[in-house]
Amino acid sequence: MDTLQLLSQQLQSSLNTDNGNTRSSLYSQFLHKIIAEKIATCPSPNFPTGLHWINTSEPLSISGSLRGKVIVLDFWTYCCVNCLHILPDLHEIEQKFSVEDGVVVVGVHSAKFPNERLNSNIENAVCKYGITHPVVNDSEAVMWRELGIQCWPTVVIISPTGQLLAQFVGEGHKEEMIDFISSTLDVYSDSVEKNNTLPITVGESFKSSFLMYPSKVCVNDELLIISDTGNHRVVICSLNGNIQKVVGCGSEGCKDGSFTDCSFTSPQGLCQIGDVIYVADSHSHQIRTIDLKKEVVATLAGTGSQGRDVVGGKIGCEQALSTPWDIIPYSSAQLSKAAHSTSEADTLLIAMAGSHQIWAYFLKSVVWWKNRTYEARTCVAIVGSGNEENRNNSYPQKAALAQPSGLTLNSPSNMCYIADSESSTVRQLSLNDGQVKGLAGGERDPMNLFAYGDVDGKGIEAKLQHPLGVCHIPDSDHIIICDSYNHKLKLMNTKTRIVTTLPVQGLSEPGGVSYHPHSRTLYIADTNNHCIKTLVLPSDLTTLSELNVEELNVTTTDDMDSPRRDLFDHSKKSVIRVTYDSLQVSSHDKEVVTISYNLPEDSYLTEEAESQYRVTFRSTENQTTVKSLTKVVQPCKDKAATVNVCTELSPADVKSCEGMELTLELLLYYCSKTENVCKRMCVIITQFINFAK
């Protein structure tokens with residue numbers, strides 16, 4: 001029997017013999033028992049060498065740098081909503097027990113999908129979800145296999161002397177883990193090192209842009225609405241990208257109020273009915289409303305805490321939800337065959353990723369399937385057992401989904417199409433009776449959630465990889481699929497079930513797509529490229545040549561004061577500040593100013609993450625900005641250790657200046673040739689420029 005399984009049995013046996021003792025005392029008894037009986041003598045395997053580390057400047061070692069710490073290993077993969085659910089638990093553990101207290105959390109990323117094995121994609125996930133503890137990319141799942149881990153998430157506790165102590169499988173163990181860690185610190189007090197000598201360094205954001213990890217988009221006749229997920233806000237634009245409103249203060253939270261005071265936490269799907277925008281606020285586990293007339297945000301449903309309920313039926317904010325990921329409007333009048341597709345929406349269909357179901361929120365009193373009546377403001381599960389499976393069924397409550405993440409509606413046929421991300425499928429939900437069918441991807445075994453790939457074809461012959469978005473093209477049988485982990489858009493004919501890859505390049509984990517019928521334009525949330533892209537579809541979708549995708553310039557007016565993350569944050573403690581000797585140049589000719597910076601010895605810029613620079617010229621007389629630009633630093637082909645930045649100054653730039661202060665801010669992602677680790681640094685170089693008249 002594996003050591004962790006034996007320890008789990010011993011731990012459960014101790015808890016089952018509760019004679020009125022507290023859980024903490026039972027944990028202490030368990031720890032003393034396994035020490036006395038020499039059960040806790042199996043050392044944890046060490047991290048394999050050569051792995052990529054994030055949030056630390058050098059690799060960590062269980063038998064080395066982590067010796068003397070209670071180690072909390074979180075085995076996770078960033079596609080998994082259950083893994084995301086325990087991130088707040090781990091954060092609370094880190095707040096309660098610091099590294100100085102002798103506790104350190106280490107994320108062991110053990111990928112499910114091939115796309116999740118790439119260092120740059122994990123770095124994006126760490127940044128997107130605000131993870132500050134060290135994370136190691138165990139891309140081949142070596143630690144996973146050596147410890148006999150069987151599912152995501154699993155948390156393993158290791159003693160300060162390096163022995164395996166316990167494992168907690170799945171969600172909902174926060175209090176148990178806190179009590180166990182506290183007991184471990186007490187029992188192993190003589191071995192705990194209460195210091196902070198670990199090389200933990202939290203990196204900055206990856207891209208200097210207005211948007212940060214936008215995940216979903218919604219377009220109507222006049223507006224483009226963007227879930228600016230990484231900035232925890234919603235951005236409302238004209239169709240050409242001119243920003244009209246920014247909703248949310250930019251900090252995580254679930255506060256209602258004015259557009260500038262309210263807060264969201266990783267908003268995802270959104271839709272509009274009249275003057276109200278409905279938002280699936282995923283990590284606050286709520287449905288929020290944005291009233292465009294009153295300019296206020298309110299909570300429609302959800303308690304603000306993750307729910308475990310897979311039935312529902314409560315009213316509004318009394319009903320706990322679990323990670324709503326997408327939301328679309330629906331009219332229950334379409335349940336009548338005589339209803340017209342333009343009937344007013346009275347229902348919100350919600351992709352409840354956290355409970356693997358489809359829920360409904362009824363805006364009005366509604367007669368639903370089997371003539372069941374729901375009163376206004378009821379929020380209830382309508383499809384899915386709550387089990388994570390790829391199970392199709394004629395009875396909606398017996399069907400099972402696997403992290404549904406995108407929804408779209410074909411009103412004339414009264415069909416809802418579902419991007420079911422963890423089964424890598426597109427599913428069809430008949431809104432006439434709740435029947436669920438598979439359209440593309442996956443396989444016939446409902447328990448197999450590993451039938452993924454990148455293959456065009458028909459039905460289950462087609463293969464997808466964690467699709468997050470779908471969009472129906474009106475007046476057609478076609479839907480667009482965001483095949484997110486394949487970084488592609490795919491076209492599916494819902495009648496023939498044939499899937500074809502669109503000839504589009506340059507996407508990175510696109511999370512959502514919306515269609516503007518009058519201009520035949522797709523708006524794409526190109527999530528890891530931090531932008532919205534547009535694509536004009538031809539009228540004939542059966543003969544597609546190369547398509548031109550363009551980045552939409554999302555810009556704000558000068559007088560709009562909107563929150564924006566600064567990639568080059570001077571308040572960071574990790575900033576290196578350098579002052580160069582002053583430089584004299586001519587004010588009459590165009591001058592090329594070159595600044596060089598040497599990386600640490602035997603290092604080179606990595607191509608897996610974009611290094612960037614921002615150069616700013618300010619007048620020495622009044623400190624007004626004369627010129628400023630931000631660009632990507634291109635890695636040298638010969639992997640040189642010197643970074644060179646060149647910029648031009650024209651006579652027009654310097655005509656009214658006696659001198660300038662040049663500030664060069666570098667965000668560098670570099671790798672060591674000798675240590676097999678990649679790191680990041682922020683450098684600020686200052687140089688004064690004098691002009692010869």
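**View 1. The contacts of R520.** Setting aside neighbours within four places in sequence, R520 is in contact with Y515, L535, V536, L537, P538, S539 and L541 (contact means heavy atoms within 4.5 Å). Keep in mind that this is a predicted model, where local features need pLDDT of at least 70, side-chain atom pairs count only at pLDDT 80 or more, and totals for chains, interfaces and linings use all residues. Residues are numbered from 1 along each chain as its sequence is written, and side-chain values use heavy atoms, with hydrogens and water left out.

**View 2. R520 and P538 up close.** R520 sits in the loop between β32 (512-516) and β33 (521-526); strands here are DSSP E runs of at least two residues, numbered from the N terminus. P538 is 18 residues away along the chain, yet its C-alpha atom is 7.5 Å from that of R520. A polar atom of the R520 side chain lies 2.9 Å from the backbone oxygen of P538. As for solvent, R520 comes out partly exposed, at 26% relative accessible area (that label covers the range between buried, under 20%, and exposed, over 50%, with a 1.4 Å probe and protein chains only).

**View 3. A five-stranded open sheet.** Reading across, the order is β16-β22-β19-β18-β17, with antiparallel pairing (two strands pair if DSSP finds at least two bridges between them). At the edges are β16 (312-315) and β17 (324-330), each pairing on one side only.

**View 4. Zooming in on β19 and β22.** These strands, residues 357-362 and residues 378-383, run antiparallel and are joined by four bridges. Look for Y361: its bridge partner in β22 is C379.

Notes
A polar contact is a pair of N or O atoms within 3.5 Å; within protein, one must be able to donate a hydrogen and the other to accept it, and residues adjacent in sequence count only if both atoms are side-chain atoms.
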